[in-house]
Amino acid sequence: MSETNDQNPGNIDYMTDSRAIAVGENLPGCKKRDPILVADNVTRNFGGISAVDVEHLEIPRHKITALIGPNGAGKTTLFNLLTGFDTPHSGAWTFEGKDIAGVSSYKLARMGMVRTFQLTKVMGKLTVMENMRLGAAQQPGERLSKALFKNIWGGREREITKQADVLLEKFKLDAKKDDYAASLSGGQRKLLEMARSLMVQPKLVMLDEPMAGVNPALTQSLLDHIKNLKAEGMTVLFVEHDMNMVRHIADWVVVMAEGRIVAEGPPGEVMKDPAVIDAYLGAHHDVDLGDAQGIRELEAELEADEESIVGTEDAGIIAPEAVEAHLEEEEGR
Ligand code: ATP
C-alpha cells in the first residue's frame with residue numbers, strides 16, 4: 001500500500017520501488033537520490049573520547065535504513081544528537097531541507113520526526129490509552145493537560161481517540177487500553193512506544209534497538225509493523241544488533257565504528273565489506289553478521305507463526321482511510 005495520491009503523486013509502491021538509493025558509488029557518506037535527513041560534520045566528545053564524528057550522512061526517504069556497528073560505535077549518541085536529546089560540539093543537519101540543529105525533540109515530533117528508545121519511555125503510572133493521548137499531545141495545538149483530561153478537549157478528542165483505538169488494535173494492545181503501562185511486558189511496552197510515536201503521523205520514525213528485550217512471539221509483529229511503516233510512505237531509521245533482522249527488513253545499511261561512518265550500502269553488500277568485518281571483529285570475535293541460511297530460517301519461522309496477521313497487505317497503520325473505516329464500523333454497530 002502507498003500514501004494517498006496527494007502525498008504520493010507518482011503513485012509509487014514503496015515496497016517494490018527498486019530505483020537506486022545512492023547517487024553514484026555506495027561509499028561512506030554517499031549522496032542519496034532523495035534524502036529526508038542530511039547531517040554534516042556532527043561531532044560529540046565525552047572527555048577524551050570521540051563518540052561521534054560524522055562527516056556526511058544522508059538518510060534515504062521511503063526506505064528502511066539500519067544503523068549498525070559494534071558496541072560503543074556511537075549509534076545511540078548519533079540518534080540523541082539528531083533528535084534533539086543531546087547537543088553536539090559541532091555540526092549541522094536538516095530534515096526535509098529545513099535546518100534542525102538545536103531544535104527540541106518536541107518540535108521535531110511536530111515536524112514529523114519521532115524516535116523510540118533502547119529502554120522504553122512509556123509512562124508506567126498512566127494507562128495505555130493515556131500514553132497514546134500523550135503521543136497526540138505532540139501535535140500542534142494539543143496540550144498535555146487536555147490530552148489527559150478528555151472532557152475539556154472538544155472536537156479533536158473523538159478523532160484522536162479513534163486514531164489511538166486503530167493503532168492499539170493494530171498493535172494488539174486494544175484489550176489492554178485501560179491497564180497501566182507498567183503492567184505490560186517489555187515487548188508490549190516497545191509496541192506501545194512505537195504506537196504512541198505514530199500518533200503524530202510522522203514522516204521519519206527512528207527506532208533505537210526495537211527488537212531488544214522483545215519476546216520472540218512479538219518479534220513477527222514488530223517486524224511487520226516496521227515494514228508497514230514503509231508501505232505507508234514513512235521513512236525508518238533503526239539501530240539493531242540482530243543481523244538477520246537487519247538483512248530481512250533493511251533496504252540500506254549504515255555502519256558506524258568509533259564514531260565514524262565506515263561503510264554504507266545494501267545489507268548483502270555491506271556485510272561482506274572487509275571494513276565492516278574488521279570493525280566487528282575488533283570488538284567481538286563471535287559476531288554473527290547474518291547469512292542467507294539465517295534469513296531462510298528466520299523467514300520460515302515467521303511464516304510458520306500463525307499469530308502473524310499484520311502483513312503489508314493489511315489496511316494500513318495510520319492511513320486516514322483506516323481511521324475512517326474504523327469510525328464507520330463503530331457507527332454501524
Ligand atoms: P551500543 O551498541 O552498546 O548501544 P552505541 O553504538 O550506541 O553502543 P554509544 O552508546 O553512542 O554507542 O556510545 C559511544 C561512545 O560514547 C562509547 O565509548 C560510550 O562509552 C561513550 N558515551 C556515550 N554516552 C556517554 C556519556 N553520557 N558519558 C560518557 N561517555 C559516553
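**Exercise 1. Which residues surround the ligand in this predicted model, and which elements give two or more of them?**

Step 1. Let's start by listing the shell: Phe46, Ile49, Ala51, Gly69, Asn71, Gly72, Ala73, Gly74, Lys75, Thr76 and Thr77 surround the ligand.

Step 2. Strand E2 (49-60) and helix H1 (75-82) are the elements that give two or more residues to the shell. H1 provides the largest share, 3 residues.

Step 3. Now sort the shell by class: it holds 4 nonpolar, 6 polar and 1 charged residues.

**Exercise 2. What is the order of the strands in the open sheet, and which are the edge strands?**

Step 1. Read across the 4 strands of the open sheet: the order is E2-E1-E4-E5, and the pairing is antiparallel.

Step 2. Look for strands that pair on one side only. These edge strands are E2 and strand E5 (98-99).

Step 3. Take one pair as an example. Strand E1 (residues 35-46) pairs with strand E4 (residues 90-95) over 5 bridges, in the antiparallel sense. To find a facing pair, go to Thr43, which stands opposite Ser90 in E4.

**Exercise 3. Where does pLDDT stay under 50?**

Step 1. Begin with the whole chain: its mean pLDDT is 80, and 75% of its residues reach 70 or more.

Step 2. Over residues 305-317, pLDDT stays under 50. For this stretch the model has 31 contacts beyond four places in sequence.

Step 3. Finally, decide how to read such a stretch. Where pLDDT is low, the predicted coordinates should not be taken in detail.

Note on methods: Residues are numbered from 1 along each chain as its sequence is written. This is a predicted model: local features need pLDDT of at least 70, side-chain atom pairs count only at pLDDT 80 or more; totals for chains, interfaces and linings use all residues. pLDDT is the predictor's confidence in each residue, from 0 to 100. Two residues are in contact if their C-beta atoms, placed from the backbone, lie within 7 Å. A residue is near a molecule or strand if its C-beta atom, placed from the backbone, lies within 6 Å of it. Ala, Val, Leu, Ile, Met, Phe, Trp, Tyr, Cys and Pro count as nonpolar, Asp, Glu, Lys and Arg as charged, and the others, Gly among them, as polar. Two strands pair if DSSP finds at least two bridges between them.
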